[in-house]
Amino acid sequence: MSEPTIPLANRPAWKALQTHATQIRATHLRQLFADDPHRGERFAIQAEGIFLDYSKNRITAETIALLTHLAEESRLRERTESMFTGQKINITENRAVLHVALRAPKTESIIVDGEDVVPEVHKVLDKMSTFSDRVRSGEWKGHTGKRIRNVVNIGIGGSDLGPVMAYEALKHYSQRDLTFRFVSNVDGTDFAEAVQDLKADETLFLVASKTFTTLETMTNAHTARDWTLAALGDESAIAKHFVAISTNAKEVARFGIDTENMFGFWDWVGGRYSMDSAIGLSTMIAIGPVNFHAMLAGFHAMDRHFRTAPLAENLPALLGLLTVWYTDFFDAQTVAILPYEQYLKRFPAYLQQLTMESNGKHVTLTGEHVGADTGPIYWGEPGTNGQHSFYQLIHQGTRLIPCDFIGFFKTLNPLGRHHDILTANVFAQAEALAFGKTAEEVKASGTPDELVPHKVFEGNRPSNTILADLLTPETLGKLIALYEHAVFTQGVIWNIDSFDQWGVELGKVLAQKIIGELESAEEPALDHDVSTSRLIRLYRSKK
């Protein structure tokens, strides 16, 4: 077995894939389907309630064999076990990577630095459940004795994108006499609009910051504190209207929050993998502990599948390998995530951070240049809205954009023909992308010769179709874990660290310096480049 430190270009499976890609590149999906009447069955998997049809990809059985061989050469199985058993695979931060522990049943044991972390996970979950029930029932009262009717989550990055996405995705299951808002942007407009119609004596703020020092989060938290005190006028009110999701008890107490109402998590939980930890407190308050635990069960089911299923039948592994296939052998720059479910409208935005912060890396685990393209751009919108927006480019543009269509057999809101029409569009778009419409077919429809080139669809545009029965908390957990492990698979192939994010640091450091220069009472001495210095002076003159 080749060691993953061997450069990608030198791995036997990689070389074989390069040759194979050259041979298959000119083959159209029309031909692949014509050659194999059972292709739609052969390239489809159903596992853990998720159905994946990947037959509309530019692949053959040889492609899958070579990709799975690449995964074996890259020691995907070994790396997977290292993650699940708590080894410190985030090497640049010397940390374990154990989001899988957040949804492990109480009966499991995962040891990190000699300690079983599963009991601690469930201790926090139990504390979250008790608190959530108190808020949902009205037992938790605000400073004036009124029940809480509004919950505002203050966070950024994974402390915001996960909770927002989960709330929108599971809104059908939420307690409707509670209002939920989410504040992340340091732009004051975000906070101002979030609380515009809220009453302070009925509002609970959840401040999510591991260190309780994150600039954007703490700026918004202090503004929320001022807003609350302006209405209630008593410092003791803070303890009734704020809770913390943090590990910094000293700063939490200094803010005025009772540390009994502090919900912790661990350094082996990355922000973009944290929505099923205490970061998900707003989700649990919204949907209740029972539904939250059902979501965790969905996560765990997909974890188990990824860990044990053969690679050729492994949903996350196949998704990840197909992304490598298009990114590195077809020069695809992006992946479109297209959920045909309005509740999943924030799912593409959530996946942007999950995928691009994880795999937007240019060096390997040992610091050499990776030698291949990594981290495609993930983007998308819910169908059918996107069809009237950007599908034109996907169908007839010059760029190859692999697509993931996500649909459901049943809807949570059955209204007339709506769901049949919605689902018909899922199937029709994938069919149109794959097979297109030839010039002969266009002419046969009576189109004038001068319009024929404009109405030709080349086809041969790849897609996956991912289907599940119904969007439930459990299903959502499975979908998120599906992409988590697909991202991990890609990272293992590229031999990069998918769990650090040093790329976000430089801008933060420079911003801290510039903040002082923008706010300085005296004209600051600037040592930036001439463009940045001029912008700072212009802002100071206009503010």
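Predicted model: local features only at pLDDT ≥ 70, side-chain atom pairs only at ≥ 80, totals over all residues.
Let me begin with the aromatic side chains, where ring pairs link F191, F205, F212, W227, F242 and F255 into a cluster. Two rings of Phe, Tyr or Trp (for Trp the six-membered ring) count as a pair if their centres lie within 6.5 Å, and the planes are called stacked when under 30 degrees apart, edge-to-face when over 60, and tilted for the rest. Residues are numbered from 1 along each chain as its sequence is written, and side-chain values use heavy atoms, with hydrogens and water left out.

By the ring rule, the count comes to 24 aromatic pairs. In one of them, the rings of F205 and W227 have their centres 5.8 Å apart and their planes at 90°, so this pair is edge-to-face. The pair joins distant parts of the chain, since F205 belongs to strand 7 (residues 203-208) and W227 to helix 9, 22 residues apart. Helices (H or I, at least four residues) and strands (E, at least two) are DSSP runs, numbered from the N terminus.

Are these two residues buried or exposed? F205 is buried, with a relative accessible area of 0%, whereas W227 is partly exposed, at 21%. Here buried means under 20% relative accessible area, exposed means over 50%, and partly exposed lies in between, using a 1.4 Å probe and protein chains only.

Let us now follow helix 9 itself. This helix covers residues 215-232, which makes 18 residues, and reaches 26 Å from its first C-alpha to its last, close to the 26 Å expected at 1.5 Å a residue; the expected span is 1.5 Å times one less than the number of residues. Its buried residues include M218, A221, R225 and L229. An α-helix has 3.6 residues a turn, so residues three or four places apart point the same way. The charged end of R225 sits over the ring of F255, 5.6 Å from its centre, which is to say that NZ of Lys or CZ of Arg is within 6 Å of the ring centre and within 35 degrees of the ring normal. Just after the helix, G233 takes a positive phi of about 70°.

What does helix 9 pack on? There is an open sheet of five strands in the order 6-5-7-8-9, with parallel pairing, where strands pair if DSSP finds at least two bridges between them. Its edge strands are strand 6 (179-183) and strand 9 (262-263), each pairing on one side only. Helix 9 packs on this sheet, touching strand 5 (150-154), strand 6, strand 7 and strand 8, and its direction makes about 160° with that of strand 7. Contact means heavy atoms within 4.5 Å, and axes are lines fitted to C-alpha atoms, for helices over the stretch in contact, with angles from 0 to 180 degrees between N-to-C directions.

Finally, there is an open sheet of six strands, in the order 1-2-13-12-10-11, with mixed pairing. Strand 1 (44-47) and strand 11 (377-379) stand at its edges with a single partner strand each, so one side of each is left without a neighbour in the sheet. Within this sheet, strand 12 (residues 403-408) and strand 13 (residues 463-468) pair in the parallel sense over six bridges, and F408 stands opposite A468 in strand 13.
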